[in-house]
Amino acid sequence: MKYTIQIARIAGIPILLHSSFVLLLAFPAYLHFVRHAPPKTLILFVLFIIALFGCVLLHELGHALAARYYKIKTKDIILLPVGGVARLENTFHRPMQEAVVAIAGPFVNFFLFLIISILLLIFYGYKLTFIESLMGQPNALITQPDLLLWIALLQANGALAVFNMFPAFPMDGSRVFRALAATQLGRTRATQLAAGISYAVVVVLLVHSTGLWHYFKTGFFKTEWLLVGFSLFMWRATQKEYQQVVLDELLKRHTVANVLRTQFTTFQGSDPMHLPITALTKGIESDFLLVSGEHIVGILARETLIEASNQKKAADTIDDFLSQQAIKNRDVPYQIASKQDTIKTIYIKMSETEQYLLPVFEPNAERNRGNLQGVVDMNMIQNYIKIQKQLR
Ligand SMILES: [Zn+2]
């Protein structure tokens, strides 16, 4: 992902830190320069941030490892200043799997909350009551910075567990709810229901955070901008979730036959390299079939052509260029499609293999020109999706 650096690899999963993380440095800078906080406070603050994101990371690992149990891989875990995201590679086969994976994250924080509570009670129990430690205002805090850190972590994990179980997208709670509802209603209806609840939560939060409610009671606005921002973020996430499920339905109902293109350009290995480059710049087709006699031997991808065009030393023929590029392009087995495939299957196949043009054959047919029914490409799929969305 853009603007991220890999900071670790845990259980084979790359842990990425988003560059906007440096924004968090604004806080200690503010404490130091504006509030003239002592160095001890700054160190404590930084320690807290590190520990907090450790907990966020464990939360995401909870999702990732639960997904692994169902043989679903995690592409990476991204840590952002506002929290973490575990990006899973595939979708769930059964709703209950999504429920378990979604609840695993908050469960980790609940577990950490329990552990820290027990440790606090064992080591500091005689100095403060449990309730005091939850409220975070015991007198002991002023004299014991390490205790302050533990209590801050206790509160943070409690908050992470509760907050993530909120029934609004993109929080885990709404996913748990959606998955449980999906066992009865199916995924589309369940998402509609979950999105409805999510919108309702956002509206209540907006009425509260903008100070509208306060205004009706007292005649004065008391606006909490951070919460307003977060409400809008949730609104957008709900919208996206809803659109995704509508799109999924659409892609599942339509097949390659709907987007089959029967007019396309092919090239031979002996053709001059400038021909496909010229064809690309005309902008109608961006990937081309490479043929040899009756056989379809590969795909001339847009990336390859751009690379060829940008190279100072021009290759004479397509074959020349591909052999310069070594085995990289030529001998990679290419993907194919059949008319009966759903657009969803093809869309996933294209995204995963980064091959954006697929020749279309009958299943099990030999891959020669006589059997070729047409091609399907990413541009047409995206165009089709766009139009279908407007028609509905
Ligand atoms: Zn989560």
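How many bridges join strand S2 to strand S3, and do they run parallel or antiparallel? I looked this up first.

**Entry 1: ground rules**

I note that this is a predicted model, in which local features need pLDDT of at least 70, side-chain atom pairs count only at pLDDT 80 or more, and totals for chains, interfaces and linings use all residues. Residues are numbered from 1 along each chain as its sequence is written.

**Entry 2**

I found three bridges between S2 (residues 13-18) and S3 (residues 74-80), and the two strands run parallel. Strands here are DSSP runs of E with at least two residues, helices are runs of H or I with at least four, and both are numbered from the N terminus. Two strands count as paired if DSSP finds at least two bridges between them. Isoleucine 15 has isoleucine 77 of S3 as its bridge partner.

I then traced the sheet, which is open, has four strands in the order S1-S2-S3-S4 and shows mixed pairing. Its edge strands are S1 (4-10) and S4 (83-88), each pairing on one side only. Neighbouring strands are turned by 25° against each other on average, direction ignored; axes are lines fitted to C-alpha atoms, for helices over the stretch in contact, with angles from 0 to 180 degrees between N-to-C directions.

S3 and S4 pair in the antiparallel sense over six bridges. They form a hairpin with two residues between them. I noted leucine 79 and its bridge partner in S4, glycine 84.

**Entry 3: what lies on the sheet**

Helix H2 (residues 39-69) lies across S1, S2, S3 and S4, and runs at about 20° to S4. I listed the contacts of isoleucine 77, leaving aside its neighbours within four places in sequence: Ile13, Ile15, Leu16, Leu57, Glu60, Ala64, Gly84 and Ala86. A contact means C-beta atoms, placed from the backbone, within 7 Å.

**Entry 4: cores**

Which residues have the most contacts inside the largest nonpolar core? I found Ala64, Ile77, Ala102, Ile116, Leu154, Ala168 and Val176, in a core of 42 residues. Such a core is a set of buried Ala, Val, Leu, Ile, Met, Phe, Trp, Tyr and Cys residues joined through C-beta atoms within 7 Å. Buried means 20 or more other C-beta atoms within 10 Å of the residue's own, exposed means 12 or fewer, and partly exposed lies in between, with C-beta atoms placed from the backbone.

The elements giving two or more residues to this core are S2, H2, H3 (95-124), H6 (145-164), H7 (172-185) and H8 (187-209). H3 supplies the largest share, ten residues. Domain 1 (1-165) and domain 2 (177-253) each contribute at least three residues to this core. Another core lies apart from it, with 26 residues, including Leu251, Met273, Leu280 and Ile318.

**Entry 5: domains**

The domain assignment, automatic or from a database, gives domain 1 (1-165), domain 2 (177-253) and domain 3 (257-391). I looked up the C-alpha centres of domain 2 and domain 3, which lie 41 Å apart. Their contact takes five residues from domain 2 and six from domain 3.

**Entry 6: the three-stranded sheet**

I found an open sheet of three strands in the order S5-S6-S7, with mixed pairing. S5 (266-268) and S7 (295-300) stand at the edges with a single partner strand each, so one side of each has no neighbour in the sheet. The twist averages 40° from one strand to the next. S5 and S6 (residues 288-292) pair in the parallel sense over three bridges. The bridge partner of glutamine 268 in S6 is valine 291.

Methods
Two residues are in contact if their C-beta atoms, placed from the backbone, lie within 7 Å.
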